[in-house]
Amino acid sequence: MKRLVMIIFIFFIGVFFVPQNFNISVYAHGININIKSPQNDYNFSDSEMLKDIDINNIKVPLNRHARNGTITEKKKVARLMEKQGFSEKIILDFLFVGLENKIQKIEKEVSVHAIDSTIIYDKFAKKIFVTDSYQGEIIDENLLYKTLYESFKKGNKLDATIKLKKELPKLNKSDAKKFAARKSKFTTYFDANNVSRSNNICEALKAFDGKILMPNEELSFNKTTGVRNAENGYLPAKIISNGKYIEGYGGGVCQASTTLYNSALLAGLEIVEVHQHSLKVGYIDASFDAMVSIGNSDLRIKNNNSYPLIISSGATNGMASVAFYGKENEYEIRRKSEIVKVIDAPKTEIESAQYYKNLPLYVGQQIVENVSHNGIISNGYLEYYKTNKLVKVLKIRSNQYSPSAGKIVVGAMEQFTI
C-alpha cells in the first residue's frame, strides 16, 4: 500500500513541477553531508555522492524538481512526503541521489557484524565441535536517518553522529550445542582378520562419514556408496544369493547398511525402505537387518526433524559404528527382537572330492563350506523410554528367515608314501 502511495506521490510531483520539455539529469547544490563515527569522520557533498551513481539508470524521471530543486524546493517536498507518512530514510534517499549508496559503504567500514556459532564435524577425531559466537556492533540506521533528517529540516546540511547498536548472533554457542547432541550410536562387530570383508565395510561407511542430512532430506544407501566394484575400492567376499553364501564384490556392505539402519532407528528417523536377508545373519538380532543390493534393494532413511543431522561413521579394529548428531531425543529408544518360531535346518550335505578349488583334498581332510542355519520367524519392536519408564512399544517388522543346509567337502585323494 505504501509503495502504491509512493508511486502516486511521485507522479503528483512530476505533474505539478515538470515543464513541457526537460532533461533527465540530477544536479548538485553544494549540500554538505557530515557523518561522524567512533573511528572516522565522513564529510562529502551531494556532488561527490553523484560520482558513484549512473545517472542514466535512474528510473523515476518525473521527480526532476524533487531531486534537482533548490534546498527550499526539496524541503517543501520533504514536508509533503512526511505528511503522507513516509519514513526519514525514504524521504532522504528520494531527495538525495546516492545517499543510500554512500551510507551502505560507511556501514561496511564501521559495522562489525555478529558471528554465529557453527557446528563442525572433525572426521579424523570423529567428534563434533561448536565454535564460539560473538556479539556485533552495527550502525543504528533508523536513528542515523532520523538525525540526518532533523538537521536537514533545521539547516542546509545533513549532519549526524553515528550511534552503534548491539547485534546479537542468530545462533549462540549454548543454543548451537543443543543441535550438536548425539542422538544415537550403534555398533556391530566383525572379524578384522577377514581382510576383504573388513575393507568393504570400511569403504561403505566412509561414504557416510561427515554427511549432513537436511530436514526432510532422504538418504539412499545405494546412491551414497555407488556401485560396489573393484573400481570403487571393493573386494570379493561372501554374500548371500538365493539362500546361499557365495563370493561376490562388496561382501560385507550389508553389515554397514545394517549398522546405519539401527542407528537411524535409535535416532527416531523415518525408515522409507528396508529389506531383510533371506538367511538370518550373525552380526545382528532377527528383524533388525538391512540387506542392500544395487538395482534391487536399498536402504532409504528420511530426516523427519526440523533441523539438519550430521552422520559420523567408520569401521576399525573389528567394530563398525554409526552415530547421528542433532537435537537430543525426546525418548530413549531401545530395540527388542522377538523369536516367534524356529525352523529346523536341513541335514548337512556331505560331498566327497579329490580336489577343492584346484587343490588336492586328501583322505582325512575336510572343508566346511557352509554351516547349517535354522530358519526363524521373528518380530522387531522399538521401545520408548522416558526417565527409565517404558512409555510405548511400536512393532516395526515381522520377518521369516529361511533355514539353510550346511555343506562339508571331505577329501577322497589317497596319499601314497614311498
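Author: Two strands are said to pair if DSSP finds at least two bridges between them; strands (E, at least two residues) and helices (H or I, at least four) are DSSP runs, numbered from the N terminus. The model is predicted: local features need pLDDT of at least 70, and side-chain atom pairs count only at pLDDT 80 or more, while totals for chains, interfaces and linings use all residues. Residues are numbered from 1 along each chain as its sequence is written, and side-chain values use heavy atoms, with hydrogens and water left out.

Reader: How do you know that β17 and β22 pair in the antiparallel sense?

Author: At least two bridges are required, and β17 and β22 (residues 375-386) have 11 in the antiparallel sense; therefore they count as paired. Arg-334 stands opposite Glu-383 in β22.

Reader: What makes β17 and β23 edge strands?

Author: In the open sheet, the order is β17-β22-β23, with antiparallel pairing. β17 (332-343) and β23 (389-401) each pair on one side only.

Reader: Which strands does helix α11 touch where it packs on the sheet?

Author: Contact means heavy atoms within 4.5 Å, and α11 (residues 253-266) touches β17, β22 and β23.

Reader: What makes a set of residues a nonpolar core?

Author: Its members are buried Ala, Val, Leu, Ile, Met, Phe, Trp, Tyr and Cys residues joined through side-chain atoms within 4.5 Å, where buried means under 20% relative accessible area (1.4 Å probe, protein chains only). The largest such core has 38 residues, and Leu-260 and Leu-269 are among those touching the most other members. Helix α11 gives the most to this core, with eight residues. A second, separate core of 29 residues includes Val-77 and Phe-86.

Technical notes:
Axes are lines fitted to C-alpha atoms, for helices over the stretch in contact, and angles run from 0 to 180 degrees between N-to-C directions. Buried means under 20% relative accessible area, exposed over 50%, partly exposed in between (1.4 Å probe, protein chains only).
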